[in-house]
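Subject: Structure handover

Hi,

Here is the structure I promised to pass on. Please open it alongside this message and follow the notes below.

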Amino acid sequence: MRILIAEDELLERKAMVKFIAANFTDLEVVGEASNGRKAIELARHYKPDIIFMDIKMPGINGLEAIETIIHETASVKFILVSAYDSFAYAKKAMQFGIKEYILKPGKKVDIIQAIRRVQKEIIREREQLAEQSQTNQLVKEHLLTKLMKYPVDDATKRLQQQFFPQLKNGYFLVVQAVNEISYDQVKQIFTFHLPASFIMQQQGDWYYVCVFSSAKVDKAVILQTARMIQMTLGGNSFIGASYSYPVDDLPKAYHEAFSACFELEKGQNRHYGFFMSKRTYLSINQPVAKLLDLIERCNEQEALQFYRDYMGQFTANDRDEIYMKIKSMLTNRGLTAPEQSLSDLTTTKDWEKFITVCCLRMQEYHQSKQYMEKAKQFIKQHYRDTITLEETADQVNLSPNYFSNLFKQEEGATFIEYVTRVRLQKAKELLEENSYSLKEISALVGYNDPNYFSRVFKKHYSKSPKQFQQAIGSKT
């Protein structure tokens with residue numbers, strides 16, 4: 001902790017500096033002030049944790065200096081020192097919340113005990129602040145999770161008002177930061193480029209950010225913000241952005257940003273932007289297209305409400321079209337469509353159940369894609385190590401059995417097959433580079449036994465590593 005000595009008597013000031021250095025290894029004297037004005041200046045500059053303040057000093061006295069310093073830095077603690085046993089001074093000091101008062105000449109034990117009591121008070125306050133900060137962060141992350149899903153209920157709105165009063169709009173950024181960069185570094189980048197009012201949550205290499213604003217934000221501003229963050233993150237990072245919406249529609253913003261980031265990562269042509277994919281059903285009438293769009297984006301409550309609002313306008317042909325398009329949407333993504341046939345959907349309640357199930361299936365699809373991308377990034381970063389299915393499943397918070405089945409379903413290969421594929425692809429690149437021995441390449445791609453590496457390589461490419469390298473050499 002940093003301590004400032006304010007004492008007009010030079011010898012007493014130097015004696016106190018020496019006393020502190022001799023008795024406290026956890027205190028640093030950062031400044032010495034010979035009067036109240038100098039104490040104010042040094043307090044502004046050094047931001048000390050503790051100030052030893054003599055009451056009677058020329059010009060601005062100790063109590064006047066304390067009043068100014070507390071107004072500017074409320075957290076600083078004072079220990080008053082005075083040759084006058086004056087109740088008036090003590091009473092005035094108590095008004096400022098000062099509890100420690102030492103009469104000159106102070107006894108060694110009294111000074112040590114006063115400093116230790118102040119230190120304990122500072123530590124206790126810091127712990128309380130850290131605990132409160134951690135609690136607030138957890139509550140904010142809970143708020144972010146609630147804002148990703150419909151409906152945005154009253155409890156969610158109250159939380160939003162608690163942390164972001166007067167802010168009625170917002171947009172989402174979903175970031176895939178594939179570079180090796182820490183959470184704190186990413187937060188610093190976001191803090192630099194974004195307004196102060198935002199919440200961020202991390203899941204592996206994915207970051208979900210909700211940015212609040214008092215009014216609707218122009219899409220050009222959002223796009224420029226995404227561009228600047230992506231340039232700062234660099235590499236193969238991707239940032240999906242949404243348009244600006246009122247708080248009630250922020251779940252829609254989240255799905256827009258998530259879909260955009262997923263699309264960008266798959267396309268590899270752009271690294272930031274809005275969701276651009278063209279729908280296969282844009283040629284059909286607008287209400288039907290809107291309903292399909294809501295289902296594809298997993299907006300369950302909005303899709304149900306939209307169906308209720310427009311069900312009187314949907315013709316029999318429209319319902320046939322909706323049913324077939326939804327089945328196609330699910331089938332094309334490898335999802336199992338609900339068991340109901342079109343003839344089973346005879347009432348509004350039947351259609352609502354059907355729409356709900358479809359939205360849930362689409363939500364599972366988007367979540368599974370997110371899990372797989374996170375798992376694949378983990379594999380790419382750790383393929384040199386002895387990584388296991390259980391370890392990777394833990395990275396995405398899934399049970400090993402469920403993760404194994406999901407991985408096979410999404411990638412068309414088992415976990416081991418995929419890891420082997422990644423390792424062998426890297427081995428081919430190193431062989432083509434021709435800068436390492438076969439033993440070194442074997443170790444670099446995660447195989448401790450060069451002979452086993454050679455057998456695996458030959459099984460997949462019908463050539464041993466040495467034959468593959470010789471073939472490259474003959475071509476050149």
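Two strands count as paired if DSSP finds at least two bridges between them. Keep that in mind for what follows. Also note that this is a predicted model.

**A strand with two partners**

Start with β8, residues 206-213. Strand β7 (residues 198-203) is joined to β8 by six bridges, and the two run antiparallel. Find Gln201: it stands opposite Tyr208 in β8. Ile199 has Cys210 as its bridge partner in β8. β7 and β8 form a hairpin, with two residues between them. Gly204 sits in that turn and has a positive phi of about 65 degrees.

Now look at strand β6, residues 169-176. Eight bridges join β6 to β8, again in the antiparallel sense. Here Phe172 stands opposite Cys210.

Is β8 mostly covered or mostly open? It is mostly covered: eight of its eight residues are buried. Trp206, Tyr208, Cys210 and Phe212 point one way from the strand. Tyr207, Val209, Val211 and Ser213 point the other way. Both sets are buried.

**The parallel sheet**

Next, go to the open sheet of five strands. What is the strand order? It runs β2-β1-β3-β4-β5, and the pairing is parallel. β2 (28-33) and β5 (100-103) stand at the edges. Each has a single partner strand, so one side of each is left without a neighbour in the sheet. From one strand to the next, the twist averages 20 degrees.

Take one pair as an example. β1 (residues 2-6) and β2 pair in the parallel sense over five bridges. Within this pair, Leu4 has Gly31 of β2 as its bridge partner.

Helices pack on this sheet. Helix α2 (residues 36-46) touches β1, β2 and β3 (50-54). Its direction makes about 145 degrees with that of β2. Helix α5 (residues 108-147) also packs on the sheet, touching β3, β4 (77-82) and β5. The direction of α5 makes about 160 degrees with that of β4.

**Two helices side by side**

Now find α12 (residues 316-332) and α13 (residues 348-382). They pack at an angle of about 25 degrees, with their axes 11 Å apart. Angles under 35 degrees count as roughly parallel, and α12 and α13 are therefore roughly parallel to each other. Their crossing is left-handed.

Which residues make the contact? From α12 they are Arg319, Ile322, Tyr323, Ile326, Met329 and Leu330. From α13 they are Trp351, Phe354, Cys358, Arg361 and Met362. By class, that gives nine nonpolar, no polar and two charged residues.

Last stop: Tyr447. Where is it? It lies in the loop between α17 (438-444) and α18 (450-461). Is Tyr447 buried or exposed? Its relative accessible area is 6%. Buried means under 20%, so Tyr447 is buried. Leaving aside neighbours within four places in sequence, Tyr447 is in contact with Thr420, Arg423, Ser442, Tyr452, Phe453 and Val456. Ser197 is 250 residues from Tyr447 in sequence. In space, the two are 48 Å apart, C-alpha to C-alpha.

Best wishes

Note on methods. Residues numbered from 1 in each chain as written. Predicted model: local features only at pLDDT ≥ 70, side-chain atom pairs only at ≥ 80, totals over all residues. Heavy atoms only, no water. Buried < 20%, exposed > 50% of the residue type's maximum accessible area, 1.4 Å probe, protein only. Helix = DSSP H or I, 4+ residues; strand = E, 2+ residues; numbered from the N terminus. Axes fitted to C-alpha atoms, helices over the stretch in contact; angles between N-to-C directions. Parallel < 35°, antiparallel > 145°, perpendicular 65-115°, else oblique. Left-handed = near helix turned anticlockwise from the far one by under 90°. Contact = heavy atoms within 4.5 Å. Nonpolar A, V, L, I, M, F, W, Y, C, P; charged D, E, K, R; others polar.
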